[in-house]
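The sequence and the structure come first.

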Amino acid sequence: MLEFLDSYAWIFWLGLILLFVVIEMLTLEFTFLMIAIGSLGGLIAGAFGAPWYVQVVVAAILSLLLILTLRPPLLKLLKRGGDPAKSNVDALLGLEGLVVDQVTGSAGHVKLSNGDTWTARVSPHTERRDLQRGERVLVTAIDGATALVVPAAVPLTETPTKEAP
């Protein structure tokens with residue numbers, strides 16, 4: 001049995017490399033790519049005449065080193081060019097809206113500036129507890145499917161200045 005492993009280990013390594021590359025193409029997270037490269041190291045060790053158990057150790061050590069050293073910088077490079085636009089909950093934070101139904105500490109509805117109508121509650125971080133219909137609000141947090149809002153600051157209107165005659 002051990003002679004069989006020593007003689008045909010290269011077939012095992014090629015099968016593992018192929019399997020790990022296919023899995024990597026499905027997951028795209030570089031883990032299985034690093035394991036495939038480690039398996040390539042095991043294949044190369046076998047080509048130089050190392051016994052099967054040394055090949056396994058070489059593959060394991062090489063895979064682990066690649067996962068710990070090469071994978072993190074590759075992931076960082078991959079995410080560096082990402083879309084800077086906010087999405088999901090992050091896109092809602094800071095949006096202004098109008099109160100549709102009276103908003104209290106437990107219930108209410110607001111229509112946000114992006115056109116969505118949300119169930120809302122007054123944020124516990126504000127002194128004021130009830131917001132009337134038509135008031136402007138600002139989203140400070142999202143709790144499940146409920147927007148936590150505070151009254152929006154009313155912009156200061158410029159006081160008319162008297163012109164010199």
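## Basis

A contact means heavy atoms within 4.5 Å. The model is predicted, so local features need pLDDT of at least 70 and side-chain atom pairs count only at pLDDT 80 or more, while totals for chains, interfaces and linings use all residues. Residues are numbered from 1 along each chain as its sequence is written, and side-chain values use heavy atoms, with hydrogens and water left out.

## Fold and surface

The protein chain has five helices and five strands, in the order α-α-α-α-α-β-β-β-β-β along the sequence. Helices (H or I, at least four residues) and strands (E, at least two) are DSSP runs, numbered from the N terminus.

Of its 165 residues, 28% count as buried, that is, under 20% relative accessible area with a 1.4 Å probe, protein chains only. Among contacts with a separation of 6 or more, 49% join residues 24 or more positions apart.

## Nonpolar cores

A nonpolar core is a set of buried Ala, Val, Leu, Ile, Met, Phe, Trp, Tyr and Cys residues joined through side-chain atoms within 4.5 Å. The largest has 15 residues, and Trp-118 and Leu-131 are among those with the most contacts inside it. Strands S2 (109-112), S3 (117-122), S4 (136-143) and S5 (146-151) each supply at least two residues of this core. Apart from it lies another core of eight residues, including Leu-16, Ile-17, Leu-43 and Ala-59.

## Two residues

Trp-118 touches residues including Leu-92, Val-110, Ile-142 and Ala-147.

Ser-39 lies in helix H2 (residues 31-47). Ser-39 counts as buried because its relative accessibility is 3%. Leaving out residues up to four places away in sequence, Ser-39 touches Trp-13, Leu-16, Ile-17, Phe-20, Ala-59 and Ser-63.

Key. Buried < 20%, exposed > 50% of the residue type's maximum accessible area, 1.4 Å probe, protein only.
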